[in-house]
Amino acid sequence: MSRPVSRVLTLLELLQSGGVRTVAELADRLGVGERTVRRYVDHLVDLDVPVESVRGRYGGYRLAPGHRLPPLMLTDDEALAVLLGLVAGRRTGITAAAGTAGETAAAKVRRVLPERLRHRLDAVLDSLTFTTAPAGSAAPEADVLLPVADAVRHHRPLAIRYTGGRGGSGERKDSGGSGERTVYPYGLVAHAGRWYVTGRDLSAGAERTFRLDRIDGARVLPGTFEPPPGPGPAERVLTALATAPYRHEVTVRVRGTAEEVRARLPRSVAVVAAAGGEGEGEGEGEGEGWCRVEIRAERLDWLPGLLASLDRPFVVERPDELRGLVADLAGRLMDAARGAPPPRD
């Protein structure tokens with residue numbers, strides 16, 4: 001490739017990175033004079049690349065907003081970042097692309113890359129393995145995600161058609177319910193392979209959290225609203241998940257500050273608050289603070305291990321069934337410490 005052509009492509013790459021580039025900056029990056037930069041810009045314009053001239057003290061050149069440029073201009077590091085991002089997004093469930101959109105997007109990126117770079121990236125992707133199983137995901141449709149994001153960004157009301165969870169074994173019932181509703185959306189949150197929008201449900205007159213994969217249609221409405229002060233969208237979603245209706249409502253008092261205990265528990269599982277006063281059966285260390293942990297769960301069998309992992313004194317306030325499960329775990333741990341064989345079934 002001749003040097004002038006190479007520099008024109010480099011100029012295109014610089015302009016693709018966004019913003020206004022001054023003539024002096026471009027000349028310095030390309031190692032040419034300012035007059036040559038203007039000539040290179042003319043070459044791009046002749047190729048129907050919409051380069052705009054910006055006048056003024058901080059003027060220069062930029063690409064017209066929203067223009068899609070073929071071919072795709074990526075450095076080796078940028079191409080690797082894009083493809084690995086698509087792969088990692090699919091593995092973690094964070095990619096907001098339904099069906100095979102992630103695979104087709106990766107294929108399109110690969111198709112426009114130079115052969116040398118494509119083979120090197122294929123070697124990375126073919127040799128890459130993961131230590132964890134793929135996360136289950138429920139990617140939202142683009143015709144839902146885009147209007148929801150637009151409404152969040154511009155503080156506009158949103159009309160949605162929502163289908164709530166069925167509830168039952170292993171699945172919580174969505175507090176949002178089903179049907180047509182109007183929402184003031186506060187924010188979009190991606191959590192554990194799912195996408196959520198949190199906001200005020202005008203139909204219910206209360207804050208709600210909705211899963212985007214259960215929204216059948218979304219439409220931005222006229223008007224604006226002012227988001228309320230307080231917790232951010234992520235904290236609102238985690239709190240909503242931790243306080244959603246489940247089969248069991250668990251309350252445990254744990255010795256330690258709320259901050260110490262909260263750092264050991266997933267915020268989407270437990271709500272931790274200072275309890276005030278002294279814990280039951282404190283004994284030694286009287287006067288040390290306790291906090292209250294509230295957990296809602298479909299099953300209780302996993303909670304004794306979680307509480308033991310806190311490595312702090314705790315008292316189960318409810319339900320009684322959990323106390324029995326904790327005692328069973330304590331017995332098994334004592335047998336293991338003594339080296340006693342497990343009981344025969």
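This is a predicted model: local features need pLDDT of at least 70, side-chain atom pairs count only at pLDDT 80 or more; totals for chains, interfaces and linings use all residues.

Reader: Which residue in strand 11 is the bridge partner of Arg253?

Author: Val315 is the partner of Arg253.

Reader: What packs on the sheet there?

Author: Helix 11 (residues 320-338) does, and it touches both strand 8 and strand 11. The helix direction makes about 145° with that of strand 11.

Reader: Back up a step. In what order do the strands of that open sheet run?

Author: The order is 9-10-8-11, with 4 strands and antiparallel pairing. Strand 9 (270-274) and strand 11 (314-318) are the edges; each has a single partner strand, so one side of each lacks a neighbour in the sheet. On average, neighbouring strands are turned by 25° against each other, direction ignored.

Reader: Now helix 11. What length does it reach, and what is expected?

Author: From first C-alpha to last, helix 11 reaches 28 Å over its 19 residues.

Reader: Which residues of helix 11 are buried?

Author: Leu322, Val326 and Leu329. They sit on the same side of helix 11, because they cover an arc of only 65° around the axis. In an α-helix there are 3.6 residues a turn, so residues three or four places apart point the same way.

Reader: What covers those buried residues?

Author: The cover includes strand 8, strand 11 and helix 10 (303-309).

Reader: And which exposed residues are on the face turned away?

Author: Asp320 and Arg338 are the exposed residues carried on that face of helix 11. Just after the helix, Gly339 takes a positive phi of about 75°.

Reader: Switching topic. Where else is there a positive phi, say in the hairpin of strand 4 and strand 5?

Author: At Ala192, near 55°. That hairpin has 2 residues between its strands.

Reader: How many bridges join strand 4 to strand 5?

Author: 8 bridges, with strand 4 antiparallel to strand 5 (residues 194-201). Leu188 has Val197 in strand 5 as its bridge partner.

Reader: What about strand 3 and strand 4, how many bridges there?

Author: 5 bridges join strand 3 (residues 158-162) to strand 4 (residues 179-191), again antiparallel. Arg161 has Glu180 in strand 4 as its bridge partner.

Methods: Residues are numbered from 1 along each chain as its sequence is written. Side-chain values use heavy atoms; hydrogens and water are left out. Two strands pair if DSSP finds at least two bridges between them. Axes are lines fitted to C-alpha atoms, for helices over the stretch in contact, and angles run from 0 to 180 degrees between N-to-C directions. Contact means heavy atoms within 4.5 Å. The expected span of a helix is 1.5 Å times one less than its number of residues. Buried means under 20% relative accessible area, exposed over 50%, partly exposed in between (1.4 Å probe, protein chains only). The arc is that of the directions from the helix axis to the C-beta atoms.
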